[in-house]
Amino acid sequence: MTENSGHSEHSEYSEKDVQREVTELEHQSATAARIFDLRRIIGGLFVIYGIIVTIAGITVSDANLAKAEGVNINLWTGLGMLALGVFFLGWLWLRPLAPPVPHEEGSQSE
């Protein structure tokens, strides 16, 4: 019954190795957060759907235009979706996510 038997498994990792691993994981997490920023996803989807709906509005037939009482709703909706998508992507470009500030645990007090 030795108390240190469980600690000998982890003695091969130094504090420096653990800190390096934590720093690497924080960097990977920050990269994933930037890639999956909701502004990028929402903006991209609105631009893609806006292009599709705008094309449908440009190629509308006279019969379909008459059904909508002369209003080309696909064209206006597509342009609105494009504008919203460009807004989100511009917002992402102008104000990107800030990288996380690394915090030092106890190294200042020692």
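A salt bridge, as I use the term here, is a side-chain nitrogen of Lys or Arg within 4 Å of a carboxyl oxygen of Asp or Glu. A search of the whole structure finds one. The partners are Asp37 and Arg39, whose side chains meet at 2.7 Å, N to O.

Some housekeeping. This is a predicted model, where local features need pLDDT of at least 70 and side-chain atom pairs count only at pLDDT 80 or more, while totals for chains, interfaces and linings use all residues. Residues are numbered from 1 along each chain as its sequence is written, and side-chain values use heavy atoms, with hydrogens and water left out.

The overall layout next. The chain has four helices and zero strands, in the order α-α-α-α along the sequence. Helices (H or I, at least four residues) and strands (E, at least two) are DSSP runs, numbered from the N terminus. Of the 110 residues, 13% are buried. Buried means under 20% relative accessible area, exposed over 50%, and partly exposed in between, with a 1.4 Å probe and protein chains only. The chain exposes about 9200 Å², an area from the Shrake-Rupley method with a 1.4 Å probe; for residues, only the protein chains shown count as cover.

Arg39 brings us to helix H2. The buried residues of H2 are Arg39, Gly43, Val47, Gly50, Thr54 and Gly57. Seen down the helix axis, they fall within an arc of 100 degrees, so they line one face of H2. The arc is taken over the directions from the helix axis to the C-beta atoms. As background, an α-helix has 3.6 residues a turn, so residues three or four places apart point the same way. On the other side of H2, Leu38 and Ile52 are exposed.

What covers the buried residues of H2? Helix H4, residues 73–94, is included in that cover. Take Thr54 in H2, buried at 9% relative accessibility. Leaving out residues up to four places away in sequence, Thr54 touches Asn74, Leu75, Gly78, Leu79 and Leu82.

The surface also has a nonpolar patch, formed by Phe36, Leu38, Ile41, Ile42, Leu45, Ile48, Tyr49 and Ile52, with about 780 Å² of accessible area together. Patches take residues with over 30% relative accessible area and no salt bridge; like charges are joined within 9 Å, and nonpolar side chains (Val, Leu, Ile, Met, Phe, Trp, Tyr) within 5 Å. Two members in detail. Ile41 sits in H2, which covers residues 38–58, and is partly exposed at 37%. Its C-alpha atom is separated by 9.0 Å from that of Leu89, 48 residues apart along the chain.

Last item, a backbone angle. Glu69 lies in the loop between helix H3 (62–67) and H4. Phi of Glu69 is near 55 degrees, a positive value in a residue other than glycine. In general, most residues other than glycine have a negative phi. Glu69 is exposed, with a relative accessible area of 74%.

Technical notes
Contact means heavy atoms within 4.5 Å.
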